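Trainee: I would like to learn how to read a protein model. Please take me through a few features in turn.

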Amino acid sequence: MTALPQGFSAHVAAIGIKDDTDDFLVLAAERTCSAAAVFTRSRFVGPSVTLSRAHVADHQLRAVVVVSKNANVATGEQGASDAAELAAGVATAIGCPTDDVLVASTGVIGRPYPMPRIRHHLATLASVSTPFAITEAEPAAAAIMTTDTVAKVASTTCATLDGGVAKIVGIAKGVGMIEPDMATLLAFFLTDAAVDASELDACFRRVIDRTLNAVSIDTDTSTSDTAAMLASGLAGPVALDPFEEALAEVALSLTLQIARDGEGATTLIEVRVDGARDDDQARRVAKVIVNSPLVKTAVHGADPNWGRVAMAIGKCADDTDIDQERVTIRFGADEVYPHLLADESLAKLSSYLEGDDVLIHVSLGIASGRFTAYGCDLTDGYVRINADYTT
C-alpha cells in the first residue's frame, strides 16, 4: 500500500450511486494547502468544474470531494446548487471555508446527483469523530473508478532543502472519453513539500502538459476533466527543479497506466515525434497518429502497415513544411520508411506489434521540436463497453 504524504487522509464510501462499490471520496488536509488545478476546456462543462475553477482561483485548498459514476453535467441550475451543497457539506465536516473544497465528478452525463443519498452521507460524515481514517492511496484511487479495470496510483520522493524527504503521491481514473485539452480525466496529486503557490501552479501546468495532457484513448474530451495538486508543506521546502522532475515521474506513471487501461485496450502505443519545427508541431503530428483509428486497429492486428502512419502525418495539411522526402518512420528501432523493408522483414515486425508496448517513432527532419503522445489500440472491446455504457 502507498502511504499518503504527511498532513493528508481520506474517506471513501459506497453511497449507492450506481452499485455497491465505493463511489464517494474525500481527500482532506490537516491545514490549508498551496494548490493548483487545470480543467477541461469543453463548452459543455459540469457545475463541478465551474465551481472548482472559482474555488481554486486563490491557489488554496483544504479538500477534494469526488462523486464517481455521476458526472452532474447538463443538469442546469439544480446541478449547480447540488454541487455547491456538496462542497458546503464537506467543508462543514472538516471545518473549513466552503471555497477551500474542490468538487469533481465523473460518470453518466445528464443525471442529477442523488442528493438524498449524498445529504444522508454528509450528515453521517459530520457526526463521526474520525471520518478520515484512511491513510493509503489505493482505496482512494479505487473509489474514483468508473470503467477502469485497475486503480491507478504512483508515488516518489524528492529531497528537501534541510536534508529531509518530501513525498509525492498521485491517483487517477480514466479509460475512455480521453482526449485532454488543457487538463485531463480525474487526477489528484498530494505532496508534503512546501512549494510557493504561484510556483506550484506553473510547475503543475508544465508537467500536466507533457504527461497527462499527452494521452489520448479515443479523441473524445470529457466534460468533467480535472487535475489538481495540494501541497501541505509539512516536510519542508524543496528546490523547484528536482521537485518538478519528481512530479513529472509520478504524472508519467499515471499517464502510462491510463493508456494501458484504455477501454478494451491490449497494447500501449507510444508515438514519439522529433525533428519538428517546434514542440507544438511535434504535438500535432504525434496526436494525429495516436488518434488514428486505422493506426490503432493496425497495431491491434499486429499489422506492420506503416502506410497508415504516413497517411496520418499527411492529415496535418496546414503544416506545409512537412516534406515526405525528409520524413523517417520507425516501428520500434526498425526503420520502415523511406528505406522500405523487404516483405520478410515486415513479417518479423508483426511479432513486435504483438507485444504489450509499441513505439512508433517519426522524425520530420525540419528542426529540433519534439513531443511524445500515449494511447492504445482500438478493439471490439471498446465498442462493447461504450455501446452499453448507460444500460
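Mentor: We will go through ring pairs, cores, a sheet, a helix and some backbone angles.

Trainee: What should I know about the model before starting?

Mentor: This is a predicted model, in which local features need pLDDT of at least 70 and side-chain atom pairs count only at pLDDT 80 or more, while totals for chains, interfaces and linings use all residues. Residues are numbered from 1 along each chain as its sequence is written, and side-chain values use heavy atoms, with hydrogens and water left out.

Trainee: How many aromatic pairs are there, and how is a pair defined?

Mentor: Rings of Phe, Tyr and Trp (its six-membered ring) pair if their centres lie within 6.5 Å; planes under 30 degrees apart are stacked, over 60 edge-to-face, and the rest tilted. The structure holds two such pairs. In one of them, Phe 189 and Phe 204 have ring centres 5.7 Å apart and planes at 75 degrees, so this pair is edge-to-face. Phe 189 is in strand β7 (residues 186-194) and Phe 204 in helix α5 (residues 197-210), 15 residues apart. Helices (H or I, at least four residues) and strands (E, at least two) are DSSP runs, numbered from the N terminus.

Trainee: Is Phe 189 buried or exposed?

Mentor: Buried means under 20% relative accessible area, exposed over 50%, and partly exposed in between (1.4 Å probe, protein chains only). Phe 189 has 0% relative accessibility and is therefore buried. Phe 204, at 1%, also counts as buried.

Trainee: Which residues touch the most other members of the largest nonpolar core?

Mentor: In soluble globular proteins, nonpolar side chains tend to be buried together. A nonpolar core is a set of buried Ala, Val, Leu, Ile, Met, Phe, Trp, Tyr and Cys residues joined through side-chain atoms within 4.5 Å. The largest one here has 68 residues, and Phe 189, Phe 243, Ile 289, Ile 360 and Val 362 touch the most other members. Helix α6 (residues 240-260) gives the largest share of this core, nine residues. A second, separate core has 32 residues, including Cys 33 and Phe 39.

Trainee: What is the strand order in the open sheet of five strands?

Mentor: Strands of a sheet pair through backbone hydrogen bonds, either parallel or antiparallel. Two strands count as paired if DSSP finds at least two bridges between them. The order here is β11-β10-β12-β9-β13, with mixed pairing. β11 (334-337) and β13 (369-376) are at the edges with a single partner strand each, so one side of each has no neighbour in the sheet. Strand β10 (residues 328-331) pairs with β11 in the antiparallel sense over three bridges.

Trainee: How many residues of α7 are buried?

Mentor: Nine of the twelve residues of α7 are buried. Among them are Gln 281, Arg 283 and Ile 289. The expected span of a helix is 1.5 Å times one less than its number of residues. For α7 that is 16 Å, and its end C-alpha atoms are 16 Å apart, which agrees.

Trainee: Which peptide bond is cis, and where does Pro 338 lie?

Mentor: The bond from Tyr 337 to Pro 338 is cis, with omega near 10 degrees. Pro 338 lies in the loop between β11 and α10 (343-353).

Trainee: What is the phi of His 59?

Mentor: His 59 is not a glycine, yet its phi is positive, about 60 degrees. His 59 sits in the loop between α1 (47-55) and β3. Ala 74 likewise has a positive phi, near 60 degrees, and lies in the loop between β3 and α2 (76-94).
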